[in-house]
Amino acid sequence: MASYVIKRLFWAVALFFAITLASFVLFFVIPSEPGRVGVGRSSEATDLRNSLGVQGPIYEEYGTFVWKVLHGSFGESWAVRRDVNEVVLEAIPVTASLVFGGAVIWLLIAIPVGILSAFRPRSLLDRVATVLVLVGISTHPVWIGLILSYYFGSKLELFPVGGYCDLVTPTTRCGGPAQWAYHLVLPWLTFGLLYAAIYMRMIRANVLEAKNEDYVRTARAKGASEALILRTHILRNASLPIVTMLAMDLGVWLVNAIFVERVYGLPGLGSLFAASVRRNDLPVVLAIFVLISMTIVIFNLIVDIVYAKLDPRV
């Protein structure tokens, strides 16, 4: 186990340098005018380098850039004239609340329905779940968000269709756990419905496969209860592909978070990234690019360790 963790840590460090190298090349090397991304003023090369304090030969510039990334120093935002860290840190809790709250919603839907469908194949529940899978795979988060906001927000007026309330430090307008959750119900449902169908079908297939394995038959023959068999043998083995899928889907979650935040007007990383690209605020774009990439690396490292704990054979 220790050698496996060390090996995964080594690959995480290697990915860190690969990400910083790709970021450095993207923002400082290409196109031919260093520091320019897309169409912009020629002074952007000097502006971006001065903002981050990256100067000298290219190898020294890359070393300085890596040092800046390690210390979380991305200079000052060109658009709002504030420290980039302050701007990004204000958006992180919004996106984190959306993504992880939505993940809880879809797992609460997908796990019980997937298990029941596996134990009752071709039943009415299984057929309804199949239809939901087709709908979930075929729809876009913007469409789901617009439908939910129209019916439950505008028409029935059960939930607000936009805005965000802070969880920890309430403002004069709104805040606190109750208002925070109340304003995120529809975004969470949008995220939950988008992924619940996919994970529901995966859980069903994995449970179906696991419950027909020889070790399950052996445990049943020894007189083990169905609850014990389900908890100890079936779910533990069926969860391995799901854990892998969670790690692979993190990048997709963050991309879809951009659409959900735009529908509900949430001031998260997705909205900030889109606004920064539109305003050509390269320090903020660079900071978000590196932050999301490193979040995926760290999350995958955690999932690899959890996977090894669930299945020592790896």
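Predicted model: local features only at pLDDT ≥ 70, side-chain atom pairs only at ≥ 80, totals over all residues.
The expected span of a helix is 1.5 Å times one less than its number of residues. H1 covers residues 2-29, which gives it 28 residues. From its first C-alpha to its last, H1 reaches 39 Å, close to the 40 Å expected.

Now for how helices pack against each other. Two packed helices are described by the angle between their axes and the distance between the axes. Take H7 (residues 177-211) and H9 (residues 226-264): their axes sit 10 Å apart, and the angle is about 160°. Angles over 145 degrees count as roughly antiparallel, and H7 and H9 are therefore roughly antiparallel to each other. The crossing of H7 past H9 is right-handed. What sort of residues make up this contact, by class? The tally comes to 22 nonpolar, 3 polar and 2 charged residues.

A second pair to look at is H4 (residues 84-119) with H10 (residues 269-278). Here the axes come within 8 Å and cross at roughly 140°. That angle makes H4 oblique to H10. On the H4 side, the contact is made by Val87, Val88, Ala91, Ile92 and Thr95, while H10 brings Leu269, Gly270 and Leu272. Sorted by class, the contact between H4 and H10 has 6 nonpolar and 2 polar residues, with no charged ones.

Finally, let's step off the helices and into a couple of loops, where the backbone does something worth a look. Most residues other than glycine have a negative phi. You'll find Glu157 in the loop between H6 (141-155) and H7. Asn280 is another non-glycine residue with a positive phi, in this case about 60°, and its place is the loop between H10 and H11 (282-310).

Asn280, by contrast, has a relative accessible area of 18% and is buried, since buried means under 20%.

Terms used
Residues numbered from 1 in each chain as written. Heavy atoms only, no water. Axes fitted to C-alpha atoms, helices over the stretch in contact; angles between N-to-C directions. Helix = DSSP H or I, 4+ residues; strand = E, 2+ residues; numbered from the N terminus. Parallel < 35°, antiparallel > 145°, perpendicular 65-115°, else oblique. Left-handed = near helix turned anticlockwise from the far one by under 90°. Nonpolar A, V, L, I, M, F, W, Y, C, P; charged D, E, K, R; others polar. Contact = heavy atoms within 4.5 Å. Buried < 20%, exposed > 50% of the residue type's maximum accessible area, 1.4 Å probe, protein only.
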